[in-house]
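Hi,

Here is the structure I promised to pass on.

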Amino acid sequence: MSASFDQGIALELHKIAARRPHGDFLRPAAQLRIADHLADGPRSGTELADAIGADPDALQRFLRACAVIGLVAEVGPGRFENTELGAALRSGTVLHHVAIASSCPALRRPTEAMADAVLNGKRVIKQVLGVDRIWDYYSSHPDEDEHYAALMTVLSERTGDDLARVFDLSRFSRIVDIGGSSGVLLTRLLEAAPNLTGAVFERPAYQEAATALFAERGLSDRAEFIGGNFLDGVPGGADLYVIKHVFCDWPDEAVAKVLAHCREASEPGAVVLIIDWVLPETTEKTTKGGVAERFAGEQLHLQNFIQLLTLDGKLRTWPAFRDLLRSEGFEAGGYTPFSEGLNYIEAVRR
């Protein structure tokens, strides 16, 4: 899978995905491999229907809808070619997985019960999809999980590389990546800092994938997998605990519990590095940063409500993070934007 992609195109696709019904066309366009079938140049709707095995009339109507949102261009009556935007969805690319993962039922269908979530203040994924949490859906739908995992792998690699450029890892000797899945982020950090050893602390289901990744990257002597549940405790012996995109999935009580475990497992001066979204305190439009940063900021209030639908989670403002950290014995001076809408918070154990 190609890990490179154009940030401008990714942003345009993100904007399309956030709109209805426009965003609903991304997933089937990727599933039907429209970009692949148009890779050699323009083709008629009839030719495409034969190549795909589709109903000719239905396909032509679909392609004209895709032309409206910019995924293809109609260059003659019933004849279509790739646009730069649509070509980005070809098979084997990051954005192909993004297109499929961004509109999967686990993300779309819970929005049918938004009103119930507002009235009850609780997640609604069970009444819509019959599962308790979004992770249960992915566990029972391996094809969807593959697309989601591919997306998360690339994002974790990019996050790790960006973090290593701006955060001084040489101050530490051992990292524990809490909730680190198959270890992608940890491997990037260890590769950037040869003096470090580390561990992924995650549910045992991820052990095989993590162990294989460590071996593939030549890190088996410096990286290990430790199975467990971070709500029950975390491993000791580290001076840096990394927690990426975990707290946004959980309510305050659970976050406080994880921070308390980190305090109990570490020595004074140890650092908990939280990598997450930081919610703006108002919905006032911002002119700071580039287009991508401004768009990300505007999306965070939408994402904050979506977290409730599937996970009972939420995004937090900086004061909310600060107060949670202080209540569990950590001090942090602020947050630092560093990677595509993400921020890091360096919290020091008192």
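Predicted model: local features only at pLDDT ≥ 70, side-chain atom pairs only at ≥ 80, totals over all residues.

Residues are numbered from 1 along each chain as its sequence is written, and side-chain values use heavy atoms, with hydrogens and water left out.

Domains first. The assignment gives domain 1 (7–103) and domain 2 (112–349); such bounds come from an automatic or database domain assignment. Their centres, taken over C-alpha atoms, lie 32 Å apart. Domain 1 puts 11 residues into the contact and domain 2 puts in 12 (contact: heavy atoms within 4.5 Å).

Next, the interface. About 1000 Å² is buried between the domains, 70% of it from carbon and sulfur atoms (accessible area, 1.4 Å probe, that two parts lose on being put together, summed over both). The rule finds one salt bridge across this interface (a side-chain nitrogen of Lys or Arg within 4 Å of a carboxyl oxygen of Asp or Glu). On the domain 1 side, α1 (7–17) and α7 (94–101) are the elements that give two or more residues. α7 gives the most, with five. Helices here are DSSP runs (H or I, at least four residues), as are strands (E, at least two), numbered from the N terminus.

Last, helix α17 (318–327). W318, P319, F321, L324 and L325 are buried there (under 20% relative accessible area, 1.4 Å probe, protein chains only). They pack against α15, β8, β9 and β11. G329 follows α17, with a positive phi near 90°.

Best wishes

Methods
Buried < 20%, exposed > 50% of the residue type's maximum accessible area, 1.4 Å probe, protein only.
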